[in-house]
Amino acid sequence: MTGLLLRRLRDLLIILVIVGTMMFFVIRLIPGDPAQAILGPTARPSDVDALRESMGLAGSLWEQYLSWGGNVLQGDFGTSITYHAPVLGVVAEHIVPTLTLAVLSTVVSFFLSVAITSWQAVSPRNPVARTLDRLSSLGMAVPDFWLSLVLVLVFSVTLRWFPSSGYENLFTDPVAAVPALVLPLTVLVIGQTALFVLTLRESLLGELPLAYLRTARVKGLSERQVMLKHVLPNALMPLVTQLGSNFAMLVGGIVIIESIFVVPGLGHLLMGAVSTRDFPLIQGVTLFVAVLFVVVNLLVDLSYALLDPKVRVA
């Protein structure tokens with residue numbers, strides 16, 4: 001276990017260096033001068049140069065990179081051009097909405113997929129279970145933006161059951177937060193549940209013909225006991241892998257959902273940073289997502305040790 005942690009820490013450092021370096025040079029390809037864009041075309045050259053100096057954009061590209069890298073090693077990710085505040089503080093303010101959507105949708109999707117797939121495996125002739133299983137393929141095919149607009153049209157504009165946009169902190173005002181979270185969570189849950197059901201179904205189909213299950217049935221275990229005690233723990237391994245990678249991508253990729261429902265999360269923050277050429281903020285958000293990706297994968301590896309004793313021994 002100690003070796004695993006050390007390897008993941010090594011991977012974290014390597015990924016941060018690669019992602020940080022690539023993002024630093026890629027965003028410099030965005031046309032236009034951020035300092036000139038902020039001050040306007042009528043600004044004096046001396047003012048533009050002073051602002052460029054304060055933004056860390058003075059000197060050659062390599063000098064800017066070395067300066068930025070040295071500051072990052074000291075925990076200074078720069079100051080946001082848009083918010084006029086430290087990048088870490090801005091990211092911390094916007095991470096809560098994104099993590100709220102990502103965590104809640106992932107947890108709900110996980111339990112729904114396990115329930116649907118187990119029900120269909122134990123009761124393959126049940127019409128409800130078969131219908132839910134078939135709908136998983138449809139959930140994979142429906143685009144998130146289209147489903148979001150349909151839900152807004154039906155439940156916000158027509159029925160007026162839920163707000164079409166806005167966000168409230170779930171921990172400070174849950175009464176106001178829950179209605180605003182229903183529609184974006186529904187969109188995320190439908191897509192993720194469909195993916196998880198397909199992943200778990202394929203894993204279950206690979207486990208069901210194995211000989212050890214026939215032995216369990218001969219010993220007198222019911223089909224439900226066989227499913228819960230033997231099949232599911234072994235079949236969950238691919239789903240845990242899918243869950244971890246999907247969660248990390250979800251945190252950095254729900255830009256469309258946050259834009260449609262006006263959720264002030266990381267995706268919304270990153271889109272604004274790109275449009276305003278806020279280089280420090282773009283770099284800070286991407287580095288945070290990279291760190292989160294490695295941490296989530298570490299948690300996935302640790303969960304393997306809980307689900308599979310062979311991994312624990314190794």
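This is a predicted model: local features need pLDDT of at least 70, side-chain atom pairs count only at pLDDT 80 or more; totals for chains, interfaces and linings use all residues.

Student: What is the phi of His-84?
Tutor: His-84 is a residue other than glycine, yet its phi is positive. The value is near 55 degrees.

Student: Val-262 also has a phi near 55 degrees. Is Val-262 buried, partly exposed or exposed?
Tutor: Val-262 is placed in the loop between helix H11 (255-260) and helix H12 (266-275). Its relative accessibility is 43%. Buried needs under 20% and exposed over 50%, so Val-262 counts as partly exposed.

Student: Which helix holds Thr-100, and is Thr-100 buried or exposed?
Tutor: Thr-100 belongs to helix H5 (residues 87-122). Its relative accessibility is 6%, and the buried class is under 20%. Thr-100 therefore counts as buried.

Student: Which residues is Thr-100 in contact with, leaving aside its neighbours within four places in sequence?
Tutor: Within helix H5, a polar atom of the Thr-100 side chain lies 2.7 Å from the backbone oxygen of Val-96. Val-96 is among the neighbours that the question leaves aside. The contacts asked for are Tyr-167, Leu-170, Phe-171 and Leu-181.

Student: How far apart are the end C-alpha atoms of helix H7 (residues 144-158)?
Tutor: H7 has 15 residues, and at 1.5 Å a residue these should span 21 Å. The distance in the model agrees with that expectation. The end C-alpha atoms are 20 Å apart.

Student: Where does H7 bend?
Tutor: The bend is about 30 degrees. Several residues of H7 are buried, including Leu-147, Leu-151 and Ser-156. Just after H7, Arg-160 has a positive phi of about 60 degrees. The residue at the bend is Val-152.

Student: How much of residues 138-162 is helix?
Tutor: UniProt, in an unreviewed entry, lists 138-162 among its spans for "transmembrane region". The end C-alpha atoms of this span lie 24 Å apart, and its strand content is 0%. The helix content is 76%.

Conventions
Residues are numbered from 1 along each chain as its sequence is written. Side-chain values use heavy atoms; hydrogens and water are left out. Helices (H or I, at least four residues) and strands (E, at least two) are DSSP runs, numbered from the N terminus. Buried means under 20% relative accessible area, exposed over 50%, partly exposed in between (1.4 Å probe, protein chains only). A polar contact is a pair of N or O atoms within 3.5 Å; within protein, one must be able to donate a hydrogen and the other to accept it, and residues adjacent in sequence count only if both atoms are side-chain atoms. Contact means heavy atoms within 4.5 Å. UniProt positions are given in the numbering used here, feature names are shortened, and annotations may be inferred rather than shown by experiment. The expected span of a helix is 1.5 Å times one less than its number of residues. The bend at a residue is the angle between axes fitted to the seven residues ending there and the seven starting there.
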